[in-house]
Amino acid sequence: MTFINIRIVLFCLLSASLFAQTSHVPDTQMQRVYDEVKTPFKYGLVMTPADNEHKMDCPTIFQKANQWYMTYLIYDGRGYETWLAKSKDLLHWDTLGRLMSFSDTTKTTRWDANQKAGYNALQDLQWGGSYALDRYNGNYWMSYIGGNGKGYEAGDLSIGIAYTSDDPTKAHEWQRKPKPVLTAKDPDTRWWENRKLYKSTIIDDKQRKTGHRFVMYYNANGDTTGVPKTRWYERIGMAVSDDMLNWQRFYKEPVLMHSAGITGDAVIQKMGDLYVMFYFGAFWEDRKGAFNRFAVSTDLVNWTDWTGANLIEPSEPYDDLYAHKSFVVKHKGTVYHFYCAVNKADQRGIAVATSVDLGKSNKQFVAAPPKKKL
């Protein structure tokens, strides 16, 4: 090897080392983020199904004209549909209707006929900001889990793109791109995503930190070779786009994963120069159940994981099985942490915890179904 080549190699190694050092977020900053976002007061359930045949999941909160809106999922045994609700105070919600419904049962060849689980895209990222949805090319956008299998997250699950030029605060059917944009069977699918793809979050990378305008974070189930057996594995990775319609995978490895269980459902907000990824974990080696946590980045690619206490975890009768799947809002000095609450009767609704004591919700699940006799 020539002297010049040796210098080049050393320079590359040094640059990689410096990048790794600068991309790590110091413990003091991680603690400040935790202190800013923690919500020790559980207000309780804010959205519940009318019966035991339906389950609510995955809240996404946005604001328009001083009103708050929530897109969320309903599972009814066939699959996921996407719904919309409205609130004046972030605590009391009224259902408005569907945004993405099951396809006609006679047209079951559609790739997304029985699963349409949507998540709003291109939202204002600023912590404590407007939480408004931005347009691109005259449209509002959602990414969604789509699939043709009937049942709870059954069959092949892929990521699709939906859009509308109409008001996103009105219940109406969104248009959808005819084919998924990412699948577990693509030629460039990576080891950690070669089974099923799940929730996605799309942000507008205005500073082009990735070299592209739009960044998608999504979790997926894939290969578990060489790791301890557990109930399920999911990791969070990235894709990028410059037009919202054509996506390419970015980075070969997951950007966030753990040694066991699920790492999933990333939602991104920006605090000063820091990006905060709220996500949930489940079935880890060191803790039970499902719970909400966070990681922090300066470049959208390298993430420093919080090692302290969970942000949300099971503690109440309505969430004593799982307390997971975050959407966190700061409004007028108060932090609202929305999450999916699941009890031991497998009833599933949407709850909120807050940074100040706002009392307790009167909303409850309907009577639980009788336990089946063995």
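**Close-ups of a predicted model**

**View 1. Phe294 and the residues around it.** Leaving out residues up to four places away in sequence, phenylalanine 294 touches Met30, Val33, Tyr34, Val276, Met277, Phe278, Tyr279, Asp305, Trp306 and Leu311; a contact here means heavy atoms within 4.5 Å. Phe294 also belongs to the largest nonpolar core, which has 38 residues, and is among the members that touch the most others, along with Met47, Ile61, Met70, Tyr72, Trp93 and Phe338. A nonpolar core is a set of buried Ala, Val, Leu, Ile, Met, Phe, Trp, Tyr and Cys residues joined through side-chain atoms within 4.5 Å. Buried means under 20% relative accessible area, exposed over 50%, and partly exposed in between (1.4 Å probe, protein chains only). There's a second, separate core too, with 21 residues including Met238, Val240, Phe250 and Tyr279. In soluble globular proteins, nonpolar side chains tend to be buried together.

**A note for all views.** This is a predicted model, with residues numbered from 1 along each chain as its sequence is written. Local features need pLDDT of at least 70 and side-chain atom pairs count only at pLDDT 80 or more, while totals for chains, interfaces and linings use all residues; side-chain values use heavy atoms, with hydrogens and water left out.

**View 2. How confident is the predictor, and where is the pLDDT below 50?** The chain averages a pLDDT of 92, and 90% of the residues score at least 70; pLDDT is the predictor's confidence in each residue, from 0 to 100. Residues 1–22 are where the pLDDT is below 50, and beyond near neighbours in sequence this stretch has five contacts in the model. Where pLDDT is low, the predicted coordinates should not be read in detail.

**View 3. Helix 2, with a buried face.** Helix 2 covers residues 27–37, and its buried residues are Met30, Val33, Tyr34 and Val37. Looking down the helix axis, these buried residues fall within an arc of 100°, so they line one face of helix 2; the arc is that of the directions from the helix axis to the C-beta atoms. Over on the other side of helix 2, Thr28 and Arg32 are exposed. The cover over the buried residues of helix 2 includes strand 14 (262–271), strand 15 (274–282), strand 16 (290–297), strand 17 (304–305) and strand 19 (334–342). Helices (H or I, at least four residues) and strands (E, at least two) are DSSP runs, numbered from the N terminus.

View 4. Strand 14 pairs with strand 15 in the antiparallel sense over eight bridges; two strands count as paired if DSSP finds at least two bridges between them. Across this pair, glycine 264 stands opposite phenylalanine 280 in strand 15. The hairpin has two residues between the strands, and glycine 272 takes a positive phi near 65° there.

**View 5. The sheet with strand order 6-7-8-9.** Four strands make up this open sheet, with antiparallel pairing. Strand 6 (115–120) and strand 9 (175–176) are the edge strands, each pairing on one side only. Strand 7 (residues 140–147) runs antiparallel to strand 8 and pairs with it over eight bridges, with tyrosine 140 opposite threonine 164 in strand 8. Seven of the eight residues of strand 8 are buried, leaving it mostly covered. On to strand 9: two bridges join it to strand 8 (residues 157–164), again antiparallel. Alanine 162 has arginine 176 of strand 9 as its bridge partner, and tyrosine 163 stands opposite glutamine 175 in strand 9.

**View 6. The sheet with strand order 10-11-12-13.** Here too, four strands form an open sheet with antiparallel pairing. Its edge strands are strand 10 (196–204) and strand 13 (248–250), each pairing on one side only. Strand 10 and strand 11 (residues 214–221) are antiparallel and share seven bridges, and serine 200 has tyrosine 218 of strand 11 as its bridge partner.

**View 7. Two loop residues with positive phi.** Methionine 244 sits in the loop between strand 12 (235–241) and strand 13. Its phi is near 70°, a positive value in a residue other than glycine, and methionine 244 counts as buried at 0% relative accessibility. Leucine 300 lies in the loop between strand 16 and strand 17. Though not a glycine, leucine 300 has a positive phi of about 75°, and it is buried with a relative accessible area of 0%.
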